[in-house]
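The sequence and structure come first.

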Amino acid sequence: MPDLISLARAVMAGGRPADAEPGFALPEHEFVQAVSYADADAIREMLRVVIAEDWSGLPVWARNLSYRIACLQRPDDADLLREAAADLYNFGPDWDDIAAGLQARADRIDGGPKPRT
């Protein structure tokens, strides 16, 4: 199975990764399957790499799903919650309420808001 970064790149490009197994699965299906069972560290690394390569290349649904799964695995990770909230704000306003909730949860976890850098 291709790694998560390769699958994300394939979703971004609309094609199949070079190391994909033979079959009929679309890149999106393979990505969803892989991200569904990936650990939070692998998800965050994938997001960092592909967003650095092309900030708007990974579809919003894939970003939202990735952050959601990572946050479910680490509900008490204030930095992750803030990272997910910031990403949601980038694509709002539809998700602004959810982003505000993640930000508030992060603030409760570590005792207050962090200054923006």
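The expected span of a helix is 1.5 Å times one less than its number of residues. Helices (H or I, at least four residues) and strands (E, at least two) are DSSP runs, numbered from the N terminus. The model is predicted: local features need pLDDT of at least 70 and side-chain atom pairs pLDDT 80 or more, while totals for chains, interfaces and linings use all residues. Residues are numbered from 1 along each chain as its sequence is written, and side-chain values use heavy atoms, without hydrogens and water.

**Fold**
- The chain contains six helices and zero strands.
- Of its 117 residues, 41% are buried (under 20% relative accessible area, 1.4 Å probe, protein chains only).
- Among contacts (heavy atoms within 4.5 Å) with a separation of 6 or more, 56% join residues 24 or more positions apart.

**Helix α4**
- Helix α4 covers residues 60-73; its 14 residues should span 20 Å, and because its end C-alpha atoms are 20 Å apart, the two values agree.
- Buried residues of α4 include Ala62, Tyr67, Ile69 and Ala70.
- The buried residues of α4 pack against α2 (27-37), α3 (40-53), α5 (78-90) and α6 (96-110).

**Nonpolar core**
- A nonpolar core is a set of buried Ala, Val, Leu, Ile, Met, Phe, Trp, Tyr and Cys residues joined through side-chain atoms within 4.5 Å.
- The largest one has 31 residues, and Leu4, Phe31, Ile43, Met46, Leu47 and Leu58 have the most contacts inside it.
- To this core, α3 gives the most, with seven residues.
- Beyond its neighbours within four places in sequence, Ile43 is in contact with residues including Leu4, Val35, Ser66, Ile69 and Ala70.

Technical notes: Buried < 20%, exposed > 50% of the residue type's maximum accessible area, 1.4 Å probe, protein only.
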